[in-house]
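Start by viewing the structure below.

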Amino acid sequence: MDIDLIVRQLRSCGFVVVEDALAPALRRRLDNGCADTVAFPFAAGGMGRGEDRTRDALVRGDVVSWLDDAKDADHSYLSVMEALRVAINEQLFLGLLDYEAHYAIYPTGARYERHLDALAGQRNRLLSTVVYLNGEWTAEDGGELVLYRASDESVLVRVLPRPGSMVLFLSEDFPHEVLAATKPRRSIAGWFRGRVVGGG
């Protein structure tokens, strides 16, 4: 991964798209694991936490399974992200303390409406990441991640879920949505976290 590019783009724009962020062999291992719904139990994705948690497949249609460091492929991926955390902290001083992530499978036609990753009442999700595991993907397949400008709600960038590519963006600064696709879409969504600020 090109750390200098990531740091430069995060500093200037607040987001970056990195092509071929994962080694092809690791991407395939993660994608194969993601397809194993016995070893990786998936549940419908929800919004919010605790008593405020809700589920609505029309708003958020993915199913998720949290990464487990005891699993070999998960451990390899989490090691990559730990090295990235350290490198970003050394240059940007964001105070990234740890990382959490889950597999996300979007069935054909599923989407996730516009939202922010930062949780209400907490400011501990600082930097969001999405890495795409699915195989070959074309514009006709859809399923783009769309980032918006918070200031005027205009579209900032549309990211096609190309295999092995990764998107990083400041969690509190960019509303975003996942558009429906014509075939299943697989990824890992994650968040570098800092200290909790406020209640909740």
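Which residues in α1 meet which residues in α3? From α1 come Ile3, Asp4, Ile6, Val7, Leu10 and Arg11. From α3 come Leu84, Ala87, Ile88, Gln91 and Leu92. By class, this contact has 8 nonpolar, 1 polar and 2 charged residues. Keep in mind that the model is predicted.

Two packed helices are described by the angle between their axes and the distance between the axes. The table gives both values for each pair.

| Helix pair | Angle | Axis distance |
|---|---|---|
| α1 and α3 | about 55 degrees | 10 Å |
| α2 and α3 | about 130 degrees | 9 Å |

The angle of about 55 degrees makes α1 oblique to α3. α1 passes α3 in a right-handed crossing. The angle of about 130 degrees makes α2 oblique to α3. α2 passes α3 in a left-handed crossing.

On the α2 side, Leu26, Arg29 and Leu30 take part. They meet Asp72, Ala73, Asp74, Ser76, Tyr77 and Val80 in α3. The residues of this contact divide into 5 nonpolar, 1 polar and 3 charged.

**α3 itself**

α3 spans residues 72–92. It has 21 residues and reaches 30 Å from its first C-alpha to its last, close to the 30 Å expected. Its buried residues include Ala73, Asp74, Tyr77, Leu84, Ala87, Ile88 and Leu92. Met81, Arg85 and Asn89 are also among the buried residues of α3. The cover over these buried residues includes α1 and α2, along with strands β4, β6, β9 and β11. After α3 comes Phe93, whose phi is positive, near 55 degrees.

Methods: Residues numbered from 1 in each chain as written. Predicted model: local features only at pLDDT ≥ 70, side-chain atom pairs only at ≥ 80, totals over all residues. Heavy atoms only, no water. Axes fitted to C-alpha atoms, helices over the stretch in contact; angles between N-to-C directions. Helix = DSSP H or I, 4+ residues; strand = E, 2+ residues; numbered from the N terminus. Parallel < 35°, antiparallel > 145°, perpendicular 65-115°, else oblique. Left-handed = near helix turned anticlockwise from the far one by under 90°. Contact = heavy atoms within 4.5 Å. Nonpolar A, V, L, I, M, F, W, Y, C, P; charged D, E, K, R; others polar. Expected span 1.5 Å × (residues − 1). Buried < 20%, exposed > 50% of the residue type's maximum accessible area, 1.4 Å probe, protein only.
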